[in-house]
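Please examine the model shown below before reading on. The paragraphs that follow lead through helix packing, the nonpolar cores and a few individual residues.

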Amino acid sequence: MGFVHKSVLLAESINWMITDPDGIYLDCTMGGAGHSRAFAERLSPKGRIIGIDQDADAIAAATEKLQGVKCNVDVIRSNFKDFGTVLDSLNIDKITGIFFDLGVSSYQLDTAERGFSYMQDGPLDMRMDNRQKFDAAYIVNHYKEEELTELIYNYGEERWSKRIAQFIVAERKVKPLTTTGELVAVIKKAIPKGARQAGPHPAKRTFQAIRIEVNNELNILADVVTEAVGRLSPEGRIGVITFHSLEDRIVKQTLKKLARGCTCPPQLVICVCGKTPQVKRVTAFAPTDEEVRENPRSRSARLRGAIKT
Ligand SMILES: C[S@@+](CC[C@H](N)C(=O)[O-])C[C@H]1O[C@@H](n2cnc3c(N)ncnc32)[C@H](O)[C@@H]1O
């Protein structure tokens, strides 16, 4: 299967991110290089794109997609939490722009063997990086009932989390769950029929929760955004595309905090921390109605940006 993924907020991302054709840009979630390729086309032979992804399939697809561009290109398999080490290894200190398009690609979602999909049967995997041992099957078969309840509630915002956790635990006593199809069947049993009729697929929220846990998606986010801003040159830009309210809230609050600078308690009349704003012009873009019509997966996307002071 080819690497199919439609880049979201593409025009908005290019316009926001690319301010200097000779600049150095880091794409921390390169995927199939939809955004990276479009960025590269705006750069001169002096410009540079560094692309990171932790998924081996993405690295292969991006390498191919970036062939023939005239700027400098580096494609590196890594978790973006280590982007600082990647820049150090390339002897790069400050960069012009840093970009994140969070979550999974359509390719990952639609490839049944990767186990991300509640629509197709596959192994309970959900790892973006297959070098990692910890996968969805481990969570589903080993987490305590209370841990599952909390996880599905917090990361899935699923009101039936307690029942889903109960049903998973009952089912795995009979036989460990090994496929996405088995997990979907248990979730459907756990959610009362009346509640299942309206709204999205009944397994959507639980799958999102397990995926976030497998890939540790939220815990690293605030620190990575802060570190990213630290590596920007003055007037450099950060852009982060988020897909659900949990990650969006983290990015929004982190950028706001960096724009405020001062961390003194509000009751202090004079600042004593001495911290100054790290960013200015914190902004956000949503997809147009036309994009949502053409690509329903873009519906919940937001591009959040800020400029380094
Ligand atoms: C939404 S896709 C990016 C699509 C890409 N912008 C495009 O237009 O083709 C997100 C990608 O980020 C990768 N990814 C997510 N979290 C990551 C992390 N912590 N470190 C490295 N890559 C990550 C995923 O493997 C996936 O390929």
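Axes here are lines fitted to C-alpha atoms, for helices over the stretch in contact, and angles run from 0 to 180 degrees between N-to-C directions. Helices (H or I, at least four residues) and strands (E, at least two) are DSSP runs, numbered from the N terminus. The model is a predicted one, in which local features need pLDDT of at least 70 and side-chain atom pairs count only at pLDDT 80 or more, while totals for chains, interfaces and linings use all residues. Residues are numbered from 1 along each chain as its sequence is written.

Two packed helices are described by the angle between their axes and the distance between the axes. For helix 7 (residues 145-156) and helix 8 (residues 161-174), the axes come within 8 Å and cross at roughly 140°. That angle makes helix 7 oblique to helix 8; angles under 35 degrees count as roughly parallel, over 145 as roughly antiparallel, 65 to 115 as roughly perpendicular and the rest as oblique. Helix 7 contributes Glu145, Leu148, Thr149, Ile152, Tyr153 and Gly156 to the contact, and helix 8 contributes Ser161, Lys162, Ile164, Ala165, Gln166, Ile168 and Val169. Two residues are in contact if their C-beta atoms, placed from the backbone, lie within 7 Å. By class, the residues of this contact between helix 7 and helix 8 are seven nonpolar, four polar and two charged. In this division Ala, Val, Leu, Ile, Met, Phe, Trp, Tyr, Cys and Pro count as nonpolar, Asp, Glu, Lys and Arg as charged, and the others, Gly among them, as polar.

A second pair is formed by helix 12 (residues 221-230) and helix 13 (residues 245-260), whose axes come within 9 Å and cross at roughly 40°. Helix 12 and helix 13 are therefore oblique to each other. On the side of helix 12 the contact is made by Leu221, Ala222, Val225, Thr226 and Val229, and on that of helix 13 by Glu247, Ile250, Val251, Thr254, Leu255 and Leu258. Eight nonpolar, two polar and one charged residues make up the contact of helix 12 with helix 13.

A residue is buried if 20 or more other C-beta atoms lie within 10 Å of its own, exposed if 12 or fewer, and partly exposed in between. A nonpolar core is a set of buried Ala, Val, Leu, Ile, Met, Phe, Trp, Tyr and Cys residues joined through C-beta atoms within 7 Å. The largest such core has 50 residues, and Tyr25, Leu26, Cys28, Ile49, Ile98, Val225 and Ile241 have the most contacts inside it. Helix 12 supplies the largest share of this core, five residues. Another core, of 29 residues, lies apart from it and includes Tyr118, Met126, Met128 and Ala209.

Most residues other than glycine have a negative phi. Leu9, although not a glycine, has a positive phi of about 45°. Leu9 is placed in the segment before helix 1 (10-17) and is buried, with 22 other C-beta atoms within 10 Å. Asn91 also has a positive phi, near 60°, and lies in the loop between helix 4 (83-89) and strand 4 (95-101). With 6 C-beta neighbours inside 10 Å, Asn91 counts as exposed.
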